[in-house]
Amino acid sequence: MLNKLKQHQEVAQIVIDKKRGDVTGDGLIDTVLLTAEKTEGSPYLKNITLVVFNEKTNFYEQIPLKENAGYNPTISLGDYTGNGVEDILVVIDSGGSGGIIFAYIFTYMNGEMRQVFDSDAYNELSKYEVNYLDNYKVSVTSSYPAKKYILDLTYKGKEYLSEIYNIDGTLKAPIQGWVDPISGFYPIDYARDGNYEFLAYQEIAGRYHADGLGYVETILKWNGQKFVPDRQTVSIFGEDLPVK
């Protein structure tokens with residue numbers, strides 16, 4: 001099979017990941033591959049391509065990815081759309097600051113493989129505002145879904161707080177942070193019924209990137225047409241307690 005694949009590609013590629021499952025709904029086990037071009041002396045991969053070998057038709061379908069270069073590309077199979085057929089999740093590490101990833105979901109629909117999730121498109125929809133407030137607090141406002149969260153900064157300690165707050169708890173100057181694009185995207189079967197939802201992680205940064213304030217955690221669920229936020233929470237870092 002791999003020899004046949006190489007004959008169909010102009011540039012020699014290697015198989016980076018391989019999974020088997022019925023992704024076309026015909027009852028036969030298909031082969032799903034990620035292929036890529038290696039970079040000499042580096043783990044960086046180029047021209048990452050999703051390839052589906054349909055066991056029934058004996059046909060290879062090569063599916064280009066919007067962002068097709070990065071690190072550690074992986075495939076996961078699962079019933080993400082609730083139709084009883086396995087769907088395909090592709091995740092690629094961008095290698096950029098913040099551990100940002102590229103994530104794509106593909107499902108077999110109306111006789112063809114279609115992309116039904118793109119992390120870049122989701123990042124464009126999920127806008128945030130992060131503002132430091134008086135009295136050692138930060139507000140995080142989400143646009144998708146429309147939510148507001150208040151974070152308590154007192155766990156950061158006196159040295160951190162004294163840099164940005166006056167003695168009376170008022171801000172010395174306005175400060176805005178930000179929320180990173182998705183850095184983690186995990187399929188989870190919360191109901192243990194074989195149907196998966198997705199947990200998307202986005203880091204909240206304060207004055208600079210290493211000044212982490214917590215994570216926005218959004219559960220995405222298939223609504224019959226696309227993946228949409230079902231619920232969202234914010235997690236914060238805890239204060240270290242003295243060891244007893």
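The largest pocket and its surroundings

Tutor: In this predicted model, the lining of the largest pocket consists, by class, of 7 nonpolar, 1 polar and 2 charged residues. The residues concerned are Q115, V116, F117, D118, A121, Y122, L125, Y144, K226 and F227. The volume of the pocket is about 170 Å³.

Consider next where the lining comes from. Strand β8 (112-118) and helix α2 (119-125) each contribute at least two residues to the lining, and β8 provides the largest share, with 4 residues. In terms of domains, at least three lining residues are drawn from each of domain 1 (11-122) and domain 2 (127-236).

Leaving aside residues up to four places away in sequence, F227 touches Y80, T81, I105, V116, F117, Y144, F198, L220, K221 and W222.

In soluble globular proteins, nonpolar side chains tend to be buried together. The largest nonpolar core here has 34 residues, of which I105, F117, Y132, V140, F185 and F227 touch the most other members. Strand β15 (residues 212-222) gives the most to this core, namely 4 residues. Because domain 1 (11-122) and domain 2 (127-236) both give residues to this core, it lies between them. A second, separate core has 19 residues, including V23, L34, L65 and I92.

Conventions. Residues are numbered from 1 along each chain as its sequence is written. This is a predicted model: local features need pLDDT of at least 70, side-chain atom pairs count only at pLDDT 80 or more; totals for chains, interfaces and linings use all residues. Side-chain values use heavy atoms; hydrogens and water are left out. On a 1 Å grid over the protein atoms alone, a cavity is a set of points where a 1.4 Å probe fits but cannot get out, and a pocket is an open set with protein on both sides within 12 Å along at least five of seven lines; lining residues have an atom within 4 Å of a point. Grid points are joined across faces, edges and corners, and a volume is the space filled by probe spheres set on the points. Ala, Val, Leu, Ile, Met, Phe, Trp, Tyr, Cys and Pro count as nonpolar, Asp, Glu, Lys and Arg as charged, and the others, Gly among them, as polar. Domain bounds come from an automatic or database domain assignment. A nonpolar core is a set of buried Ala, Val, Leu, Ile, Met, Phe, Trp, Tyr and Cys residues joined through side-chain atoms within 4.5 Å. Buried means under 20% relative accessible area, exposed over 50%, partly exposed in between (1.4 Å probe, protein chains only). Contact means heavy atoms within 4.5 Å.
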